[in-house]
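My entries follow the order in which I looked things up.

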Amino acid sequence: MTQLNDFLNLLNIKTQNPGLSTGQESWDGQGVLLESYSPVNGRCIASTKEASREDYDRVISTAQAAFKEWRQKPAPLRGEIVRQMGERFRQNKQALGELVSYEMGKSLQEGLGEVQEIIDICDFAVGLSRQLYGLTMHSERPAHRMYEQWHPLGVVGIISAFNFPVAVWSWNAMIAWVCGDVCIWKPSEKTPLTAIACQNIIIDVLKANNVPEGVSCLVVGGRNVGEWIADDARIALVSATGSTRMGRAVAESVGRRLGKSLLELGGNNAIIVTPEADLTVAIPAIVFGAVGTAGQRCTSTRRLIVHASIYDEMKQRLQKAYNQLRIGDPLNANNHVGPLIDEQAVASYEATVREVLSQGGAFVIEPEVLRGDGFGSGCYVRPCVAEAENNWAIVQQETFAPILYLIKYNTLEEAIEIQNNVPQGLSSAIFTLNMREAERFLSASGSDCGIANVNIGTSGAEIGGAFGGEKETGGGRESGSDAWKAYMRRQTNTLNYGTDLPLAQGITFEL
Ligand code: UN1
């Protein structure tokens with residue numbers, strides 16, 4: 001690890017940082033002071049000020065003006081700008097990974113992995129900038145041609161969560177930019193500095209290429225800023241990542257004005273382990289899924305559905321694996337698990353533990369809030385495993401903490417039913433070497449999630465696929481595949497190059 005001040009200096013993070021930026025200009029908001037505390041040691045890292053309504057309106061007007069110019073720039077040239085941004089993130093990978101780890105609390109490995117997702121999506125977006133394909137159709141009318149084009153949408157509002165403070169922004173922004181949109185990013189108020197650092201990283205690229213002011217905007221602020229974005233008819237697409245409660249509020253506001261939203265909300269992800277699983281592959285996948293990012297990924301493994309015949313063996317193997325976990329400073333490469341984001345998250349871990357016990361659940365691996373040397377921030381908890389029933393209200397909801405529920409099954413039919421029987425539908429996995437079981441799980445009557453894996457865990461998706469889920473997860477798809485279509489408007493064009501005017505459906509109309 002570089003010295004603490006090194007990565008802050010490298011990323012140009014000062015004691016007080018402007019929380020508003022239009023890419024060319026940055027300024028202090030007129031709202032309240034926002035101090036960012038590290039869950040690693042409880043220290044205040046630096047501060048910024050939230051946006052006032054006036055600040056926000058200034059940003060939106062600048063973004064609207066920028067869109068008029070940016071949409072005219074050929075997509076491959078927009079891709080070239082994104083390529084240069086990717087280079088800047090490559091150069092700053094270590095420093096930004098360390099800041100992510102320090103401000104958010106995830107292990108340095110995972111902090112670096114998050115920056116790698118930015119680099120990967122930049123590469124993907126550069127290629128995509130020459131592949132924004134539309135279809136051509138055969139017209140039923142003679143001497144007519146039909147085709148479709150994809151045009152930029154406008155201003156895209158990106159509301160991101162603390163748990164992936166930089167990668168989720170990049171999935172949206174890099175794709176939106178090659179599509180010809182301009183972006184306004186409202187990061188989580190729990191992780192404003194990583195967002196400011198990202199804007200600092202790309203600012204030279206924006207300036208050197210004379211990118212119109214307003215293509216990349218940052219608005220640090222609280223819930224009110226999220227509400228302004230959701231209510232604002234000047235924002236063509238609102239892409240929001242976070243809790244189901246937040247997503248429902250955003251969807252209602254955006255829906256009222258018939259705007260577009262792209263939602264990536266809670267998960268309640270399960271792994272099914274059948275008697276034919278290779279447990280040497282399954283165990284690390286389960287443990288990484290459950291304790292990675294201290295259980296604060298939306299793809300974290302929350303439920304483990306295990307066949308009765310291997311249930312006791314699974315318990316023993318998990319106990320052995322969990323005993324090896326090292327919890328502590330996430331910037332120390334020896335540790336697997338860092339802190340939760342804040343004390344509020346610890347309180348919710350404790351409340352969930354109490355609820356599991358009151359339902360009659362038994363902990364196979366005991367929960368604990370860690371105190372004492374090295375745990376001074378009060379945010380460190382021990383990952384735990386409880387025997388539970390799928391239908392308990394507490395199991396039906398997503399708790400953003402490293403708590404894994406063990407559930408027993410007898411038939412694959414029953415396992416799939418348990419897996420699907422939650423309100424959320426993000427990620428799922430099965431461990432089996434039996435192709436019939438695997439294919440059954442992936443079939444139309446199998447997993448109902450947006451992501452379904454075989455012999456890998458629920459978290460850690462690659463950027464090349466479309467990311468998102470069904471039901472209360474919100475239905476949106478971000479990142480790879482054809483997720484770009486959500487950031488553009490489709491236009492169907494019919495062109496007559498003949499000398500007559502034949503009408504479709506064989507209708508005659510003579511004058
Ligand atoms: C999230 O938790 O919001 O699949 C995103 C994963 C990561 C992204 C998670 N690539 O776990």
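This is a predicted model: local features need pLDDT of at least 70, side-chain atom pairs count only at pLDDT 80 or more; totals for chains, interfaces and linings use all residues.

Residues are numbered from 1 along each chain as its sequence is written.

Entry 1, a strand. I took helices (H or I, at least four residues) and strands (E, at least two) as DSSP runs, numbered from the N terminus. I looked up strand β9 (residues 182-186) and found that five of its five residues are buried, so the strand is largely enclosed by the rest of the structure; buried means that 20 or more other C-beta atoms, placed from the backbone, lie within 10 Å of the residue's own. V182, I184 and K186 are buried on one side of β9, and C183 and W185 on the other. I recalled that side chains in a regular strand alternate between the two faces of the sheet.

Entry 2, its partner. Strand β8 (residues 155-159) pairs with β9 in the parallel sense over five bridges, where pairing requires that DSSP finds at least two bridges between two strands. Opposite W185 in β9 I found I158.

Entry 3, a sheet. I traced an open sheet of three strands in the order β1-β5-β4, with mixed pairing. Its edge strands, β1 (16-17) and β4 (33-37), each pair on one side only. β4 pairs with β5 (residues 44-49) in the antiparallel sense over five bridges, and T48 in β5 is the bridge partner of L34.

Technical notes: A residue is buried if 20 or more other C-beta atoms lie within 10 Å of its own, exposed if 12 or fewer, and partly exposed in between; C-beta atoms are placed from the backbone.
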